[in-house]
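Dear colleague,

I am handing over the structure that we talked about, and below it you will find what turned up in it. Please keep it open beside you while you read.

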Amino acid sequence: MKIKITSNEFNPWSSLQDYEKKLISQHGKSGAIATFVGTMRDYNEGDSVEAMFLEHYPGMTENYLEKISQTALKRWDILDTLIIHRVGEIQPAETIVLVAAWAGHRTPAFEACRFLIEELKFKAPFWKRETLSNDKGERWVEKNTH
């Protein structure tokens, strides 16, 4: 299980590959890897968005992500999880989040991955401030989309 919060851009596919190399103890056991990659859109709630600043509560956020990862490991027959999440200034098309779950079979991998991203999106202590296009200023995002 790995949790990482970063203010740096990251390539989700390279990150996934790097982490898999460290899973030597699971070599040959995984028949499925379910992943979710979230990127920043250039629109929200009918407005064009130039950038987003993503804040978090250090320590609390990592603890929450560890908690949901532990829950997934107990609830489904999965081998491991990975969550990488960006904070700070983010531009459209940049990766915000990578969630992955390894399992012997696809069903538990899919279910665990979906659980992780849904819990993260709706309950983890992250806050988004958008910079709107056309000099419309900034706003805090009050709700998450599905």
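This is a predicted model: local features need pLDDT of at least 70, side-chain atom pairs count only at pLDDT 80 or more; totals for chains, interfaces and linings use all residues.

The charged end of R75 sits over the ring of F115, 4.8 Å from its centre, where a charge counts as over a ring if NZ of Lys or CZ of Arg is within 6 Å of the ring centre and within 35 degrees of the ring normal. Residues are numbered from 1 along each chain as its sequence is written, and side-chain values use heavy atoms, with hydrogens and water left out.

The structure also holds two aromatic pairs, meaning rings of Phe, Tyr and Trp (its six-membered ring) whose centres lie within 6.5 Å, with planes under 30 degrees apart counted as stacked, over 60 as edge-to-face and the rest as tilted. Y19 and W102 form a tilted pair, with 5.5 Å from centre to centre and 55° between the planes. This pair links distant parts of the chain, since Y19 belongs to helix 1 (residues 12-21) and W102 to strand 7 (residues 95-103), 83 residues apart; helices (H or I, at least four residues) and strands (E, at least two) are DSSP runs, numbered from the N terminus. Both Y19 and W102 are buried, a word used for under 20% relative accessible area, with exposed over 50% and partly exposed in between (1.4 Å probe, protein chains only).

The rings of W76 and F115 have their centres 5.3 Å apart and their planes at 50°, so this pair is tilted. The pair links distant parts of the chain, with W76 in the loop between helix 2 (60-75) and strand 5 (78-86), and F115 in helix 3 (residues 106-123), 39 residues apart. W76 is buried because its relative accessible area is 17%, and F115 counts as buried at 12% relative accessibility.

Finally, T6 is found in strand 1 (residues 2-6) and is buried, with a relative accessible area of 8%. Leaving aside its neighbours within four places in sequence, T6 is in contact (heavy atoms within 4.5 Å) with I84, H85, R86 and V87. W140, by comparison, lies in strand 9 (residues 138-140) and counts as partly exposed, at 45% relative accessibility.
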